[in-house]
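Dear colleague,

Here is the structure I said I would pass on. My notes on the interface and the cavities follow below.

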Amino acid sequence: MNFYYKKIADGSIAVDDTVLVKGVPAAAGSHILEGFTPLFSAEAVTRLENKGYVISGKTNVGEFGLDLAGEFSYYAPAESEIKGAAAEAVKSGEVNAALAVDVNGAARRAAALSDVCFLKPTYGTVSRYGIISTAASGEQLGVYASCPEGISEIMSVISGHDEKDGTSLKNESYDYGCDKELSGKRICIVKELYQKADASVKAEIDAFAASAKKKGVSVSEISTDIFETANVAYQILMCAESCNNLSRYDGVKFGYRAESYKNIDELYVNSRTEGFNFLTKAVILYGSDVLSKNRYKDCYDKSLRVRRVVMNEMKKLFESFDAVIAPVCSLSAYGAYDIKDAFKKVFDESEFTALANLIGLPALACGKVQIIGDHFSESTLLSLAKEDK
Amino acid sequence: MNYELVIGLETHVELSTDSKIFCSCGGHGKGSEPNDCVCPACSGMPGMLPVMNKRVVELAVTAGLMLNCEINRYTTFDKKNYYYPDLPCAYQITQLNHPICVNGLVSVKTADGVRDIRIKQIHMEEDAGKLVHGGNSSFVDFNRTSVPLIEIVTQPDFRSPEEVVSYLNKLKSSFIAGGISECEEGAMRCDVNISVRPAGEEKFGVRTEIKNMNSFDAIDKAIRYEAQRHIDALEYGTEELVQETRRFDDVSGKTFAMRNKETEADYRYFPDPNLMPIVIDDEWLEEIKAAKPVAVDERTEEYRAAGIKEDDIEIIIANVKIARLIDDVVSMGCNLKDTAIWVVTDCAGILKKAGKALSELDIAPEKLAAVIKMVANGDINRNAGKKVLIAVIENGVDPVSYCKENGLDKKFDASAVEEVIDRAIAANPQAVIDFKNGKQKAAQALFGACMKELRGAGDPAVIKELLEKKLSM
């Protein structure tokens, strides 16, 4: 597998191609950004470089991070079995860690498929300055590593307030320790999501639960439809924000411009028609629809209200539990499929992941086990995952 | 039939900030070349995030306070989506649901006295860039993108073009005085909503909107033209009125319908997830209030209370540069009424002789203050003061040294005054004899001789007293 969109050095950290590195072409896996070279690096990249880390290059990513796990990049040929390039680069030992943006669960799913770890941290703890933004209110820059300790190391460097990001929280640092005392901790497994997973994924969850019990963690099961509700709301918000953020790619200023056009409207239409893949177009159309005058109140605005309801429900749940356990995905492997089915496939699989995006919770994919905690509980999640990797 | 004109206004005003609304490019949006006041953020490059310029909030609140608005303590930004090449992100960041100021009131002059115009809201937003067309191509210049604007939306409360112009003049002088905007050419742009109804009718007529005018003169003409067009349609059935957007053509003095496409867009507004809601707490609001300059109405009252003539007040209010000069001079310890007279009467007179208007006055406040103080303290008389003032305005001299060099300042050269008197007495022995014989008029001649030699310097009362003292010896 070719991990890289652009290899730049023999470094220990890869960044996926939605993360900007100054002077290195960035395309977010999309034809529409072909030829675009950023003038500045992402804040996380700068912080790593300031600490002496060397960025090895840009790993391939599915167009704007909207697919299952990186299968629909304009720059990487389709493979028979779907794998994420950044996750594989970590798995193979090519790099120690990789940065990626979790827009709609693709990064977590990629970690599951390659059997490595990915942490989508609490919203606002890592600057989004210098990532190619798709869905601003849910996307978050996170870290792949082969083990929780590797994530802990990188998170300590890249997290903390950045004045260049208006959504960045004020704290200068956060706790990413992996050695929390686990005895007495309470976790619960979400029954509905567990039942949707295949036998091999279930087995991983079972093994994780058994190991947690041995460490003195109490494990119970809960039944809730909140993940399903959260997914519907998040897909609406994510599509709406994507439609808006991707509208700047119009062929006028940078990136791809259609060769044939007679006027400005054709320049827009042809460039965007040729520049985006089918899935991105579906997301844009869906997002445009939910923002339209007739639908706004019943779709977009309602989803914002659902977001608050989900937040309240989860806060209540975290009074009784230190973490919620769910599969990252339904299958232990995905085979190649037609892009016309992608919107529905991603929608279905996002039921496992979207809740964390919707309300900014930290979610750690550790193989196919997903550990979701309250805001700022990363240390608990990493400690729970330790040794089980 | 008698018709009543109903007009509402949307006025965009460019704010005077050091930087743009969401990035650190220069706030004026001016470059020496196209696209040299531009960064990755205001040109819409991926990876950049908007960061709120706090000063924009403060100026918008100040504007709201000056227009008697309620300040929304919780204010948010929305994205307005539309494609146009001068809009790099294909959306404009503006305020729809929680604008920063609401429910204001501005009094305007009308034919029947003063009337209140209700302000619906003031919101903050970013400007777009501009297109330059040349040859077969069009070019985009993003220098202006993200320049901070406020939009002031009134209720349909205007009934004549005069009221509209009076309102706009008031906004302009308030905003210049408040440091909110320099209101230079093009920095104030208006959309005018206009309809006509039979006098006494409650229901509004069909409304048209005339977009994007930036001279008060054009606005006045456009309203007059459009009102007549509506009246002709109603009275004579010349055409059927439809709700539409129109533009005013300066050359022909007419309005024309714009393409329908531009009015029918669904902007798909939604809250901007990249900008957190802004909360204006008591402490911040008090800070802004403390820094707020006095509003035009209060200012008029202040001038009136100081005893400044109504005509002069109007001149000062209409000319913010002059008002600022007077403020500066008063802050240096001069009396307000005196200063106003020195400026509006004396400076204006001096400029008039040179064929210039008062607005062209260019004088350092310290120098004007020095002249006024020397006169007020009795160091020089008023005539001498005026001479100094001429020299200051025409040649930029330093007033104090000018007095010394030209012997205008008796305080610095008291013995000189005495010498002049002694010389006058010595040169006119007959006058001295006449005075001693009881002829008071003789002293007048001696006084005149002294004044002539002093070239108008010196306090006449003091000279007279000194002269009489010497004659009586």
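How many residues of chain A are in contact with chain B? The contact takes in 40 residues of chain A and 30 residues of chain B, counting heavy atoms within 4.5 Å.

This is a predicted model, in which local features need pLDDT of at least 70 and side-chain atom pairs pLDDT 80 or more, while totals for chains, interfaces and linings use all residues. Residues are numbered from 1 along each chain, chains are lettered from A in the order written, and side-chain values use heavy atoms, without hydrogens or water.

The two chains bury about 2,800 Å² between them, 60% of it on carbon and sulfur atoms (accessible area lost on being put together, 1.4 Å probe, summed over both parts). Of the area that chain A buries against chain B, 20% comes from Asn244(A), Arg248(A) and Tyr268(A), more than from any other three residues.

Between chain A and chain B there are zero salt bridges (a side-chain nitrogen of Lys or Arg within 4 Å of a carboxyl oxygen of Asp or Glu).

The whole structure holds two cavities of 30 Å³ or more (sets of points on a 1 Å grid over the protein atoms alone where a 1.4 Å probe fits but cannot get out; lining residues have an atom within 4 Å of a point). The largest has a volume of about 310 Å³, and 26 residues line it, with Ala41(B), Pro50(B), Cys89(B), Tyr91(B) and Ile93(B) nearest its centre.

Regards

Methods
1 Å grid on protein atoms, 1.4 Å probe; cavity = no way out; pocket = protein on both sides within 12 Å on 5 of 7 lines; lining within 4 Å. Points joined across faces, edges and corners; volume = space filled by probe spheres on them.
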